[in-house]
Amino acid sequence: MSLRLKILLLTIGIVVFAVAGTARLIAKGMYERLVTESELRAVALIEGVALSVRDDLACERLDEIGKSLIQLRDPGSGRSDVIFTLILDGNGRAVGREVMPEYEQLLKSDFVRQATAASRELKTHVTFDGRDIVLVSIPVISSVPHIEGVRWGTVVGGMDIGRIEAAMFPLVRYAVGAALGFLLIGVFLLVLTLYRNLLSPINKLAEAASRFAAGDLQFRAPQGTADELGRLGATMNQMASDIEQHTRTLEDAVKARTRELEQANSRLHELAAMDELTGLGNRRTFTAALNREFRRARRDGSCISMLMLDVDHFKKYNDTHGHPAGDVALNKVGAILRNHLRVTDIPCRYGGEEFAVILCQTARDDGMRIADDIRRVVQQEVFFGEDRQPLGTFTVSIGVSTFPRDADDPDKLVDAADIALYQAKASGRNQVRGFEPGMTAKANLSN
Amino acid sequence: MQGFPGNQGKVRGSRAAALNGWILAFLFLAGCNPQEDQDPWKSAEVISAAGTVDATPASMAWSGRPGVKPGLTDRRGTCRAGTRRPDRVRIGVPELLVMVNDTTGQPDPLIDLASYIKSRTGLEVEFVRLNAYPLFTSGLIDGSLQGGLFPPGEYLRARKIDPCIHLVATTMYGTSTTYTTNLVVRRDSDIMVPSDLVQKRVAFSSRSSASGYIYAVKFLADRGLIPERDYIPVFTGGHQETIRAVEIGTVAAGATFGRALNVEMQIGRDLTGLSILAVAGQIPNEPLVFASDLDPDIIRAMTDAFLSLNRGTAEGRKLLGALDLMSGWVRADDSFYDGLMTTVQAVDRIVRSADSGGEIGR
């Protein structure tokens with residue numbers, strides 16, 4: 001059920017309740033007021049009668065009393081609502097009366113007997129012939145305060161409240177109608193005001209909340225008024241703006257972190273595959289690459305030549321010039337391999353001062369030639385303190401093996417190259433030797 | 001007709017009042033104060049069951065103790081019961097209480113009233129009709145009166161002199177125990193509201209008169225008019241004299257009470273040239289007062305006799321029928337006159353303020 005419907009139903013309920021309650025209250029209040037006014041009027045009129053006849057009663061001027069009572073018949077006297085007036089002397093004897101014929105019986109009521117004995121004003125309601133009658137008695141007494149005085153008599157009167165009610169009913173009806181009319185106008189204005197100032201802004205705020213929830217943070221809630229709803233709209237807008245700004249900042253941060261993570265992963269990957277000293281692939285890279293190239297060569301039916309390269313007398317070089325100089329020399333060898341090989345060739349540091357190179361789609365002769373080129377370039381390159389090497393210069397020995405000529409799997413290919421390297425070392429170093437069947441590994445040589 | 005020398009030929013009732021009024025008017029114009037030059041007992045009449053006589057030294061039985069304060073209080077200041085049992089009880093009544101219209105030939109109703117009281121008490125009763133208020137107090141003090149239907153203001157004066165006098169009842173007119181003061185003006189005058197009386201002459205009967213002075217001064221003071229400062233007070237000595245003074249225009253207005261106007265009309269005077277400017281006050285009617293030295297049994301008998309007489313009985317209607325609207329007496333006590341006392345004190349302050357430049361003291 002929408003808020004609009006709830007408010008509509010609530011308003012209808014309030015209106016119905018208010019109209020019914022107000023009508024009842026007005027009618028009840030008017031009736032009670034009417035009765036009270038009628039009673040006051042009855043008392044005032046009877047007091048007026050008593051006042052006008054009291055001196056005549058004291059002096060027993062019955063003619064004057066009669067004249068006063070006759071005046072009551074005059075509708076213009078304002079006392080025409082008095083249905084009877086009875087003047088009693090001090091002994092309870094009636095000395096004057098003015099009564100409408102239909103109320104004659106009231107003169108014999110108990111109230112009249114009580115009135116003659118009462119020392120104060122009496123007032124009571126009786127129902128006579130279906131009519132609501134107010135009976136009032138006023139004792140006529142001369143006295144000074146707090147001292148018993150002289151009682152001259154009693155004035156008793158009655159008023160038919162129903163006559164007064166009947167006379168005033170149109171006024172009551174008009175008053176009730178006017179009150180209800182004002183009430184309806186008031187309710188209409190209330191509903192209009194509620195709709196304009198409460199319901200409509202709430203609807204717009206609800207729409208704004210929906211748009212925000214759907215991610216439309218560019219939407220803006222109404223905030224035209226300075227009341228609570230206006231402040232709520234402003235707060236919602238501020239909240240949407242903050243969320244938008246925060247999201248943008250978060251997205252930027254995520255992008256930056258992702259980029260950093262990618263870079264870190266790339267670096268980590270490089271670090272995992274690369275020899276840090278020479279910038280070449282490490283042994284694991286070599287093994288993976290050799291297996292991969294083997295699968296390709298078997299698939300293509302192509303050749304692979306492998307170079308196993310070892311620095312001659314590297315231990316002595318290290319001992320003579322220190323490990324930092326040895327590292328520099330190894331780095332330079334790596335650079336030579338990188339610079340003098342094809343893009344498709346894969347140079348790696350195999351371990352210590354040993355390097356391994358995979359020459360894809362390269363036959364034995366070409367492998368031998370490339371190996372020799374590398375040996376010669378290393379020999380020609382200037383290394384720090386190379387003159388103190390046993391050969392008088394910084395050199396490398398290289399063993400070459402070729403698939404499928406020398407081995408049919410990667411491990412055997414490596415062993416074959418390693419055997420050829422051994423033969424190169426054994427032959428005096430600074431030379432290239434290709435694997436030949438019958439070559440076997442011998443005892444350790446010092447570099 | 002017996003009387004003091006110089007009082008021979010005094011006209012009673014309406015004729016007396018009319019003539020006195022003209023004489024007083026003349027005296028006003030001559031700048032005389034009539035009250036000061038008047039022999040207080042000159043116009044007194046004594047009415048008993050036997051008839052009416054003018055007051056004489058012998059008939060008034062002067063006590064020879066004029067001005068003597070009664071000594072009826074004990075050392076603690078409380079009143080002691082009186083012991084005096086006179087062979088006749090004289091009761092002062094205001095002249096206006098019972099006006100005798102000689103033209104009707106009717107006997108003075110006070111004669112029958114005296115007879116009735118005598119029949120109820122067994123005492124000789126004489127009513128002394130007085131037209132000067134101070135005579136009530138002086139008569140009660142010096143013993144020439146044993147009781148009185150006091151003008152209310154005069155009662156306060158008597159009570160001040162002798163706190164032990166007995167107030168036993170108050171007079172009823174119709175059913176009312178109070179009356180009002182009326183400010184009357186000439187119908188053709190330009191006095192429309194009380195404030196028009198500024199710098200005008202206003203007539204009062206005497207300073208102790210409740211309706212003829214006290215309540216009228218209070219009424220005017222409540223509207224900002226202070227005697228001597230804002231208007232010129234003139235004392236005429238009586239209510240009828242006040243009415244005359246207004247009629248002939250020697251004063252702009254006069255203060256009197258409603259019954260005085262009724263009495264004037266009853267005796268045939270045409271008052272259509274006057275109009276009532278204002279009605280004020282709720283003044284307690286004339287109290288029935290007895291002397292402090294009177295025997296309590298006599299006071300009780302007299303009180304019962306007066307209270308038994310009202311128009312609720314056939315005898316009361318017969319006796320009181322000639323007394324205007326007077327319908328009898330009802331029991332009362334001194335507290336009924338407290339309001340009057342308060343007003344008197346207020347007027348005293350007003351008058352003193354006039355003497356001191358207009359500021360009303362508290």
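Start at the lining of the second largest pocket in this predicted model, where the residues divide into 9 nonpolar (Ala, Val, Leu, Ile, Met, Phe, Trp, Tyr, Cys and Pro), 6 charged (Asp, Glu, Lys and Arg) and 5 polar (the others, Gly among them). A pocket here is an open set of points on a 1 Å grid over the protein atoms alone, where a 1.4 Å probe fits, with protein on both sides within 12 Å along at least five of seven lines, and lining residues have an atom within 4 Å of a point. Residues are numbered from 1 along each chain as its sequence is written, and chains are lettered from A in the order in which they are written.

Select B:Arg157, B:Arg207, B:Ser208, B:Val344 and B:Asp348, which lie nearest the centre of this pocket among its 20 lining residues. The space in the pocket is about 460 Å³, a volume being the space filled by probe spheres set on the points.

Next, colour α6 (152-161), α7 (210-222) and α12 (338-355) of chain B, since each supplies at least two lining residues; helices are DSSP runs (H or I, at least four residues), numbered from the N terminus.

Then move to the largest nonpolar core, whose 68 residues include B:Tyr155, B:Leu197 and B:Phe204, the ones that touch the most other members. Such a core is a set of buried (under 20% relative accessible area, 1.4 Å probe, protein chains only) Ala, Val, Leu, Ile, Met, Phe, Trp, Tyr and Cys residues joined through side-chain atoms within 4.5 Å. The helix α7(B) gives the most to this core, with 9 residues.

Definitions and conventions. Predicted model: local features only at pLDDT ≥ 70, side-chain atom pairs only at ≥ 80, totals over all residues. Heavy atoms only, no water. Buried < 20%, exposed > 50% of the residue type's maximum accessible area, 1.4 Å probe, protein only.
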